[in-house]
Amino acid sequence: MTIPCLDRSTAKSAVRLISLVACLLAPAIAGLPASAQDAVGKDAGATQPSAVVVPGFWDPRRRPERPDLSKVQTIRFLTDMDYPPFDYAGADSNPAGFNVDLARLLCEEIKATCTIQSRRFDTLLDSLNDNRGDAVIASIAPTAENRKRADFTDPYYRTPARFAARIDSPIREVLPELLEGKKIAVVAGTAHEAYLKEMFTEAELRPYPTDEAARAALRNKEVDLLFGDGISLAFWLNGTDSGGCCAFRGGPFLESRFFGEGIGIAVKRGNDVLRQALNWALFQQWEKGSFTDLWLRYFPISPF
C-alpha cells in the first residue's frame, strides 16, 4: 500500500516559513546530469554543495513523437498561489513560481496562447472538470484517487526523501547497517516513518508531531539525524530557521511505493491531445536545457 509522503495542505505551512527571497537570490550553481545522482552524497558534508543535481525523468531513448500541435491553440492553466516556490503571488499579485514559469515555457514550445489563473488548491480539479481551465499545474500528485478525476502527464519532478545531520556530525553514510542505534527524528504517521520502520530496523526512531518539532530536535542535538521530505528540507537548510546548523547526508530516496510516482500536469480525463502535447513540450524543454536552467534558479540547494 502506498502511503502519502507529504500531504500538499500540510506541506504549505512548512514551506511558507522558509525565506523565499533567500531561495530566489542565491547564486545559481552548475548542475550535474541526472545520471550523476549517485555521486550526490560525496559532498554531503558541506553546507552548500559544490554542484546541484538536476532531476531528469525523461529517457532520451524514448523520445516522444511530435503531436499535431495545430489542435492546441490555447492552454488555460490553473494553479494556486500558496505553495512557494512552486506557486505564489508575485509582486504584481499575479501567479508566479516554478510551475508558472514552466507553464509559460511549455506554451512557447507548443506555440499556444497561454493564460494562467489561480484558484484555491482544493477546487482545482473541480474547476478543470467544469471546463474552467484546460490543465492544472500545481504540484498535484497523481494518486489513485486523483487519477479518477484527471489524467496526468509524465512526471516533471519528484519529492525525494533525504537525511539531514548537524554540520559537525561524523555521520557521512546513511546505509541501514551503519545507523544501528542512531536516533532519527521523523514526523509521525508519514511515509518517511513507515520507510524507516521497514528499511532501517536497527535505528532508534524518534517520531515528532510536526516538521518544526523534528527539525528542532536535530538542531538541539536531541537526535543524530532527521529524515523527511527533501524539498521542504532543502528550503529549511537554505533558510534562516536552520541557523546553518545542518546539511544533507547521503543521496535521495525515491522508492515510489512510499514516496509516490512524481508530479505531473493534470488535464481533463480523455484529453489525450493536450496531454501528449504537454509531454512532448516537457521533453523538449529538458533536452534543450531550459528545464535545467529553470530548476537551478529555484533550487540553490538541491533536494536531490
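## Around N279

Start with a side chain that meets a backbone: a polar atom of the N279 side chain lies 2.7 Å from the backbone nitrogen of D154. Keep in mind that this is a predicted model. N279 itself sits in helix α10, which covers residues 272-288. Buried or exposed, then, is N279? Its relative accessibility is 8%, and the cut-off for buried is under 20%, so N279 counts as buried. Setting aside neighbours within four places in sequence, N279 is in contact with P64, T153 and D154.

You'll find T153 in the loop between β9 (151-152) and β10 (161-166). With 7% relative accessibility, T153 counts as buried. Beyond its neighbours within four places in sequence, T153 is in contact with G264, I265, R275, L278, N279 and L282.

| Side chain | Backbone nitrogen | Distance |
|---|---|---|
| N279 | D154 | 2.7 Å |

## A three-stranded sheet

Now hop over to the strands. Three of them make an open sheet, ordered β4-β5-β6, with antiparallel pairing. The edges are β4 (82-83) and β6 (95-96), each of which pairs on one side only. Between β5 (residues 87-89) and β6, the antiparallel pairing runs over two bridges. Which residue of β6 is the bridge partner of A89? That's P95.

Note on methods:
Residues are numbered from 1 along each chain as its sequence is written. This is a predicted model: local features need pLDDT of at least 70, side-chain atom pairs count only at pLDDT 80 or more; totals for chains, interfaces and linings use all residues. Side-chain values use heavy atoms; hydrogens and water are left out. Helices (H or I, at least four residues) and strands (E, at least two) are DSSP runs, numbered from the N terminus. Buried means under 20% relative accessible area, exposed over 50%, partly exposed in between (1.4 Å probe, protein chains only). A polar contact is a pair of N or O atoms within 3.5 Å; within protein, one must be able to donate a hydrogen and the other to accept it, and residues adjacent in sequence count only if both atoms are side-chain atoms. Contact means heavy atoms within 4.5 Å. Two strands pair if DSSP finds at least two bridges between them.
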